[in-house]
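Thanks for coming. I will take a few minutes to walk through one structure, starting with the ligand and then moving to the backbone and a pair of helices.

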Amino acid sequence: MIRYNLKYQLFFSLLILLNTNSVIGQQSIPQTASLKSIFKKDFLIGAALNTKQIEDKDPKSAVLIPQQFSAITPENCMKAEVIHPTWDMYNFDLADKIVAYGQKHHIKVNGHTLIWHSQLPAFVRNMQNADSVKQFFNNHINTVASRYDGKIFSWDVVNEALEEDGTLRKSIYSQKLGENYIVEAFRLAQAASPKSELYYNDYNIEQPTKRAGAIALIKKIQAAGVRIDGVGIQGHWRVNHIPFKDIEESIIAFAALGVKVMFTELDLGVLSNPWDKDAADVSQTAQYSEKMNPYPNGLPDSVQTQLANNYEELFKLFLKHKDKISRVTFWGVSDGQSWLNGWPIRGRTNYPLLFDRNFDPKPAFYKIVALKQKD
Ligand code: G3I
């Protein structure tokens, strides 16, 4: 297995030597090109942070995150299950910490997520009474969104509310509150957090049928005179299975509604799935087998190259539409933390991000950076 980045690292270290004297002073910290600086004029570059990273308990992340990213999203700690575990009790510990982390490093925080059918606290999952669901809904949005008004840049107000055919997902919210609950969620968030941008976030909304559902949803919110600032295409795709044409059509279609377009949970899995169709619905899982975990000890160069070429192609598309795209967030910082190591099959070794398990940049990183060197 050739040491893939030596050639690249030497080239870029030379570049930094030429550009950034201050770094030289800090001999101990290896310097790498910075995604956030390189794409500064194009769009924010973000990453989802786990608990260890939010609490700065991961030395390598502690260097890499402020160096590379201009936006962060909490992977789990702002979800209702964590932040609102019982009826009248909120747990803002980690949420406060990621907000403080963002303020300390001048990094924009995207709140994820106020209203989602998954990762709900037990007291909500078992609710039968519609009035109780409504009270939870109002209290949760008002309490959480108002706490961080002016402190966080944006919210995924509603996450994954559509079925694959673009119709409203059947959830405790649609069943107990009716089909207008999404408009109401944005209305409440607008009042509770006037200083934050408000987004609808989902997976597979680049696909024409589900995209049509998302467009109808955005138009419904706008028609109600309620603010929606952007739409998040999650971007959980697989190497060699990226729907580039659908993605470009989606960027253009959503931007035509006057909202910002973001890629909010980008990762490119290199492992096949038992059903071999793309989705991100965590309720779908499958049994472990060695056949389904082919790269436990490292990624073959051929797949590494495919991954790098796919990311390069994606970023060429993002740069082509940089006037419409406000943020590209990776769902994690390094391969080791990716949810795709445990989904849909637990115990696999996946390689979906730009930094490897040692937090070293992968060929995909250098391919993306090189796009801007050509500018
Ligand atoms: O915190 C508990 C821990 O106390 C317990 O010991 C452990 C044992 O299972 O579970 C821990 O909770 C896990 C949590 O991540 C924190 O690590 C949950 O089981 C696990 O299900 C949860 O997975 C998260 C998943 O959302 C749940 O829906 C993933 O980390 C997170 O990456 C993933 O993110 C979602 C986005 O929010 C929305 N879009 C799809 C994306 C991928 O599914």
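First, a term I will need: a residue counts as near a molecule if one of its heavy atoms lies within 4 Å of that molecule. Also keep in mind that what you see is a predicted model.

Let us begin with the ligand. Which residues come nearest to the ligand? There are 15 residues around the ligand, and E75, K79, H112, E160 and E265 are the ones that come nearest. Sorted by class, this shell consists of six polar, five nonpolar and four charged residues.

For E160, an N or O atom of the side chain is 2.7 Å from a nitrogen atom of the ligand. For H112, an N or O atom of the side chain is 2.8 Å from an oxygen atom of the ligand. Q119 also takes part, with a polar side-chain atom 3.3 Å from a ligand oxygen. As for cover, the ligand taken alone exposes 790 Å², and 53% of that is buried by the protein.

Now stay with H112 and turn to the backbone. H112 is joined to T113 by a cis peptide bond, with omega at about 0°. T113 belongs to strand β3, which covers residues 108-116.

Where is H106? H106 sits in the loop between α7, residues 93-105, and β3. Although H106 is not a glycine, its phi is positive, at about 55°.

There is another cis peptide bond to point out, running from W343 to P344, with omega near 0°. P344 is in the loop that lies between β9, residues 325-330, and α15, residues 363-373.

Last, the helix pair. Helix α9 spans residues 130-147 and helix α11 spans residues 181-192; their axes come within 8 Å and cross at roughly 35°. The crossing of α9 past α11 is right-handed.

Which residues make this contact? From α9 they are K134, F137, N138, I141, N142, A145 and S146, and from α11 they are Y181, E184, A185, L188, A189 and A192. How does the contact of α9 with α11 divide by class, and how many residues are nonpolar? Eight are nonpolar, three are polar and two are charged.

To go back over one residue before we stop: H112 is among those that come nearest to the ligand, its side chain has an N or O atom 2.8 Å from a ligand oxygen, and a cis peptide bond joins H112 to T113.

Conventions:
Residues are numbered from 1 along each chain as its sequence is written. This is a predicted model: local features need pLDDT of at least 70, side-chain atom pairs count only at pLDDT 80 or more; totals for chains, interfaces and linings use all residues. Side-chain values use heavy atoms; hydrogens and water are left out. Axes are lines fitted to C-alpha atoms, for helices over the stretch in contact, and angles run from 0 to 180 degrees between N-to-C directions. Helices (H or I, at least four residues) and strands (E, at least two) are DSSP runs, numbered from the N terminus. A crossing is left-handed if the near helix is turned anticlockwise from the far one by less than a right angle, and right-handed if clockwise. Contact means heavy atoms within 4.5 Å. Ala, Val, Leu, Ile, Met, Phe, Trp, Tyr, Cys and Pro count as nonpolar, Asp, Glu, Lys and Arg as charged, and the others, Gly among them, as polar. A polar contact is a pair of N or O atoms within 3.5 Å; within protein, one must be able to donate a hydrogen and the other to accept it, and residues adjacent in sequence count only if both atoms are side-chain atoms. Accessible areas come from the Shrake-Rupley method with a 1.4 Å probe; for residues, only the protein chains shown count as cover.
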